[in-house]
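User: Hello! I am new to this structure and would like to learn how to read it, one feature at a time. Could you take me through it?

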Amino acid sequence: MDDQLTIEEIYDLPYRDVYHFAIYYTNRRDEAEDITQETFIKAMRNLSTLKSSNKVRVWILSIAKNTAIDYTRKRGRRSFLPYIFNDKASDDPTPEERMIKQDEWNVIQNALLKLKPKYRSLIILRGIKEYTIRETAEILGIPELKVRVDYHRAMKHLKNEIGNLGEGAVLTNER
């Protein structure tokens, strides 16, 4: 790679995406922090393998995906409801709205945790983080067609797990 990257490009810009991926993947803030930290340690150690400085975010998210899978295999899963990591809306929701949102999130998170890791990664990247099919394929290291097919299957499994949360559901990004 010819270009020299700044610390900001390696850490600051993709940090939030890596952390969100990890929190959605594990549903635990402490584990997400560990995965995020480990991801950036691995990235710094393997900086020489980065082919293009234009692909930093994709490269780091692919490291995050592999780190999350390894981490959950080692640790197992536990439940914790993350509510702090969401951006604050301009209008503060009422306590009732917060409770409903937390209940819905809890149902979605429990359903996500029941999915196979490859499906969980697809739902997080495509449905929650709204990456394009191409970006998702690059992060996961799979063909775009597989992203399309597996995302459809993952959504079907997720909707089955969610049950009666609602038809169109929260996670239907078809960009």
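Analyst: Helices (H or I, at least four residues) and strands (E, at least two) are DSSP runs, numbered from the N terminus. This is a predicted model, in which local features need pLDDT of at least 70 and side-chain atom pairs count only at pLDDT 80 or more, while totals for chains, interfaces and linings use all residues. Residues are numbered from 1 along each chain as its sequence is written, and side-chain values use heavy atoms, with hydrogens and water left out.

User: What is the phi of Glu 130 near?

Analyst: The general idea is that most residues other than glycine have a negative phi, and most peptide bonds are trans. In Glu 130, phi is positive, near 60 degrees, and this residue is not a glycine. Asn 27, also not a glycine, has a positive phi of about 65 degrees. Asn 27 sits in the loop between helix 1 (7-26) and helix 2.

User: Is Asn 27 buried or exposed?

Analyst: We read that from relative accessible area: under 20% is buried, over 50% is exposed, and partly exposed lies in between (1.4 Å probe, protein chains only). Asn 27 has a relative accessible area of 0%, so it is buried. Glu 130 has 43% relative accessibility and therefore counts as partly exposed.

User: How many helices and strands does the protein chain have?

Analyst: The protein chain has 7 helices and 0 strands, giving the pattern α-α-α-α-α-α-α along the sequence. Of its 175 residues, 41% count as buried. For contacts, the rule is heavy atoms within 4.5 Å. Among contacts in the protein chain between residues at least 6 apart in sequence, 70% join residues at least 24 apart.

User: How do I read the packing of two helices, and at what angle do the axes of helix 5 and helix 7 cross?

Analyst: Two packed helices are described by the angle between their axes and the distance between the axes. Axes are lines fitted to C-alpha atoms, for helices over the stretch in contact, and angles run from 0 to 180 degrees between N-to-C directions. Here the axes of helix 5 and helix 7 (residues 144-162) come within 9 Å and cross at roughly 100 degrees. Angles under 35 degrees count as roughly parallel, over 145 as roughly antiparallel, 65 to 115 as roughly perpendicular and the rest as oblique. Helix 5 and helix 7 are therefore roughly perpendicular to each other. Residues making the contact include Leu 122 and Ile 123 of helix 5 and Val 147 and Tyr 151 of helix 7.

User: Where is Ser 121, and what does it touch?

Analyst: Ser 121 belongs to helix 5 (residues 117-128). With a relative accessible area of 1%, Ser 121 is buried. Leaving out residues up to four places away in sequence, Ser 121 touches Phe 21, Tyr 25, Lys 65 and Leu 140.

User: What about charged side chains: how many salt bridges does the structure hold?

Analyst: Side chains of opposite charge can pair when their charged atoms come close. A salt bridge is a side-chain nitrogen of Lys or Arg within 4 Å of a carboxyl oxygen of Asp or Glu. The structure holds 9 salt bridges. In one of them, the side chains of Lys 55 and Glu 138 meet at 3.1 Å, N to O. This pair links distant parts of the chain, 83 residues apart: Lys 55 is in the loop between helix 2 (29-45) and helix 3 (56-75), and Glu 138 is in helix 6 (residues 133-140). Lys 55 is partly exposed at 37%, and Glu 138 is partly exposed at 32%.

User: Which parts does the salt bridge of Lys 114 and Glu 161 tie together?

Analyst: The side chains of Lys 114 and Glu 161 meet at 3.9 Å, N to O. Lys 114 lies in helix 4 (residues 95-114) and Glu 161 in helix 7, so the pair ties together parts 47 residues apart in sequence. Lys 114 counts as exposed at 59% relative accessibility, whereas Glu 161 is partly exposed at 37%.
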